[in-house]
Amino acid sequence: MSIKPPIILAVDTPDLDIARQWIETTSDFICAYKVGLEFFTTFGPEGVKKLQDASDVDLFLDLKLHDIPNTVAGAARGVAELAPRFLTVHASGGHAMISAAVEQAPQVEITAVTILTSLSALDLQEIGFAQNPLDSAVKLALLSQGAGARAIVCSPHEIFAIRESVGPDLTIIAPGVRPIGEGGLDDQTRTMSPRAAILAGATYLVIGRPITRHWVDGAEAMRNRAAAIVEGLG
Ligand code: C5P
């Protein structure tokens, strides 16, 4: 595998053809592209294969699996034939569930999502979490590591504490980053610049709209934006 910039492109579009073009356009600047539940429930494994045919960039399959271990094992087995590099599960599914995914898809980097950044401290309390979002995320990262997950997803502001706790080997993937000078934050609230997130200890960054919104100005504009973000990583 060639060394690629540590950027995972969030391919958040309901248009399969546009998704292919985004990946082709940015493939020099990304190490993987992320497709999520909306894409998967709309286009299925066949849609994913069409994207894979368009590029040799790795696949981050963001299905956020969360069910009893036996069901997650079956789902992980089911998508293993797509050979994603990363497959997400919810860390709060627990040790046995994460291990089940790891066992069924040994070639895949099972990636545990800690606390969704959409959840506030109050939301967590309502669900029954005893700790604040940061402490809960650290705890879930440690649990996931112990269960065999090879990567975790967390908010940029949790990277440092999680890196301190899990050590250097676990892959940390952070969405919600915004390049300095980026106009709006979209629906992201507590953001961090890509460079700051890497310095805090992230291994990879998930970036979507800061790159993909430039598609309206053409492929070259989008490519240039991706290049500038990579350059800004220093
Ligand atoms: O466009 P933007 O850069 O905000 O995209 C970020 C991507 O990361 C989206 O696909 C979003 O669903 C995902 N994500 C996130 N926050 C999380 C987990 C995933 O923004 N906590």
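Leu-16, Ala-19, Arg-20, Ile-23 and Glu-24 in helix H1 contact Phe-39, Phe-43, Gly-47, Lys-50, Leu-51 and Ala-54 in helix H2. Contact means heavy atoms within 4.5 Å. By class, this contact has 7 nonpolar, 1 polar and 3 charged residues. Ala, Val, Leu, Ile, Met, Phe, Trp, Tyr, Cys and Pro count as nonpolar; Asp, Glu, Lys and Arg count as charged; the others, Gly among them, are polar.

This is a predicted model: local features need pLDDT of at least 70, side-chain atom pairs count only at pLDDT 80 or more, and totals for chains, interfaces and linings use all residues. Residues are numbered from 1 along each chain as its sequence is written, and side-chain values use heavy atoms, with hydrogens and water left out.

| Helix | Residues | Contact residues in the H1–H2 pair |
|---|---|---|
| H1 | 16-26 | Leu-16, Ala-19, Arg-20, Ile-23, Glu-24 |
| H2 | 37-54 | Phe-39, Phe-43, Gly-47, Lys-50, Leu-51, Ala-54 |

The two helices pack at an angle of about 40°, and their axes lie 10 Å apart. Axes are lines fitted to C-alpha atoms, for helices over the stretch in contact, and angles run from 0 to 180 degrees between N-to-C directions. That makes H1 oblique to H2.

The protein chain holds 10 helices and 8 strands. Both are DSSP runs, numbered from the N terminus: helices (H or I) of at least four residues, strands (E) of at least two. Along its principal axes, the C-alpha trace spans about 45 × 35 × 35 Å. Buried residues, under 20% relative accessible area with a 1.4 Å probe on protein chains only, make up 50% of the 234 residues.

Key. Angles under 35 degrees count as roughly parallel, over 145 as roughly antiparallel, 65 to 115 as roughly perpendicular and the rest as oblique.
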